[in-house]
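Have a look along with me.

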Amino acid sequence: MLSQEEVDKFDKDGYLVIESFLTEQECDQLKAAIIDTIDRQLDLETHPRTLFVSHHKDMESCRNEYFLNSGDGINFFFEDGAFSSDTGELLVSKYEALNKIGHALHTDVPEYKDLCQGDKVKDVCRSLGLQHPILPQSMYIFKAPHLGGEVNPHKDSTFLHTGGTRLIGFWIPLDDACEDNGCLWFMPGSHREASTFKMNRNSTNTACVFSGSSNEQLQRHEDYVCVPTKRGSLVLIHGDVAHKSYKNVSSRPRNAFTFHLYEGEGSNWEKSNWNQPTDKATFVQLY
């Protein structure tokens, strides 16, 4: 359970770091489960080479039908620059070529299901006052050495629309996250200024489009603070807090697991959301 001081800090800043949320052994188990998932499910000969980038000018082109259909399964997205533009061959190992895996690790991979639906996460939810927390998506983010790309300043509420109820990200580094390998940066207090910038499904459900104005607040780079975090920490992220990360320029990975929860009580999960419930039941209510 979180202390009242921690809850107050989260409410004030829009983010909170909780150290030693996972043990070293738990981190090792989660990383091993991802390697096993890649070895069993990623066939480079047949898998589409779908990129995932976080630069606004390229985001729409990467949010295609493969992305839209990834909400209820295990899907692989590659880093821009992982393949040779001349030969199409991989320039790095398949483990370093990936940007992320998403978006149903919390139901389809036992180790991640146990974590996401376990008592530790439920205790945090109760501390934050969530009545009916629902988990719609989860991702493993690789941020490979020298290749893991920059993530532009953004608010998670741009991509997940709850109809007005709370949205909270859980971000767990499985490697030490430092300034040179792409740790998170936050703008404290920015969650008190909501954004109208939204990513929506298009009318034919074949791609994503953006609407509204990208908040100028996001570009006040002098207001961001660097937040290095130890392996196994938990970073709580308010859905409206501005955050970003830079390219991994180090020789070390910065693997992280992240998932989102929203308050189901009174929520209207908007039909414009890229991720929609299916008969695979990957929208999980924790209690």
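My entries below go from the whole chain to single residues.

**Entry 1: the whole chain**

I began by noting that this is a predicted model. I counted eight helices and 14 strands in the protein chain. Next I looked up the radius of gyration, which is 18 Å, close to the 19 Å that the globule rule gives for 287 residues, so the chain is as compact as a globular protein of that length. The C-alpha atoms fill a box of roughly 55 × 45 × 45 Å along the principal axes.

I then checked burial: 56% of the 287 residues count as buried. The chain exposes about 12,500 Å², and carbon and sulfur atoms supply 48% of that area. For contacts between residues at least 6 apart in sequence, I found that 84% join residues at least 24 apart.

**Entry 2: the nonpolar core**

Which residues touch the most other members of the largest nonpolar core? I found I101, Y112, F170 and L236, out of 47 residues in that core. Helix α2 gives the largest share of the core, five residues. I kept a general reminder here: in soluble globular proteins, nonpolar side chains tend to be buried together.

Leaving out residues up to four places away in sequence, F170 touches V121, V124 and C125, among others. Its list also includes L234, V235 and L236, as well as F257, T258, F259 and L261.

**Entry 3: F259**

F259 turned up among the contacts of F170, and I gave F259 an entry of its own. F259 lies in strand β13. Is F259 buried or exposed? F259 counts as buried, because its relative accessibility is 0%. Again leaving out residues up to four places away in sequence, I listed the contacts of F259 as C116, V121, L135, Q137, S138, I168, G169, F170 and I172. I also checked F259 against P136: the two are 123 residues apart in sequence, yet 8.1 Å apart in space, C-alpha to C-alpha.

**Entry 4: helix α8**

**Entry 5: salt bridges**

My search of the whole structure found 10 salt bridges. One of them joins the side chains of R231 and E24, at 2.3 Å from N to O. This pair links distant parts of the chain: R231 sits in the loop between β10 (225-227) and β11, E24 is in helix α2 (residues 24-41), and they are 207 residues apart. R231 counts as buried at 18% relative accessibility, while E24 is partly exposed at 48%.

I looked next at K120 and E26, whose side chains meet in a salt bridge at 3.1 Å, N to O. K120 lies in helix α8 and E26 in helix α2, so the pair ties together parts that are 94 residues apart in sequence. K120 is partly exposed at 35% relative accessibility, and E26 is partly exposed at 27%.

The side chains of D223 and R220 also meet in a salt bridge, at 2.8 Å, N to O. D223 is partly exposed, with a relative accessible area of 31%, and R220 is partly exposed, at 34%. Elsewhere in my notes, salt bridges that share partners join K9, K12 and D13 into one network.

**Entry 6: cysteines**

How many disulfides does the count come to? I got zero. C178 is in no disulfide; the nearest cysteine sulfur, that of C183, is 7.1 Å away. C178 is partly exposed, with a relative accessible area of 28%, whereas C183 is buried, at 1%.

Methods:
Residues are numbered from 1 along each chain as its sequence is written. This is a predicted model: local features need pLDDT of at least 70, side-chain atom pairs count only at pLDDT 80 or more; totals for chains, interfaces and linings use all residues. Side-chain values use heavy atoms; hydrogens and water are left out. A disulfide is a pair of cysteine sulfur atoms within 2.5 Å. Buried means under 20% relative accessible area, exposed over 50%, partly exposed in between (1.4 Å probe, protein chains only). A salt bridge is a side-chain nitrogen of Lys or Arg within 4 Å of a carboxyl oxygen of Asp or Glu. Helices (H or I, at least four residues) and strands (E, at least two) are DSSP runs, numbered from the N terminus. A nonpolar core is a set of buried Ala, Val, Leu, Ile, Met, Phe, Trp, Tyr and Cys residues joined through side-chain atoms within 4.5 Å. Contact means heavy atoms within 4.5 Å. The radius of gyration is taken over C-alpha atoms; the globule rule is 2.2 Å times the number of residues to the power 0.38. Accessible areas come from the Shrake-Rupley method with a 1.4 Å probe; for residues, only the protein chains shown count as cover.
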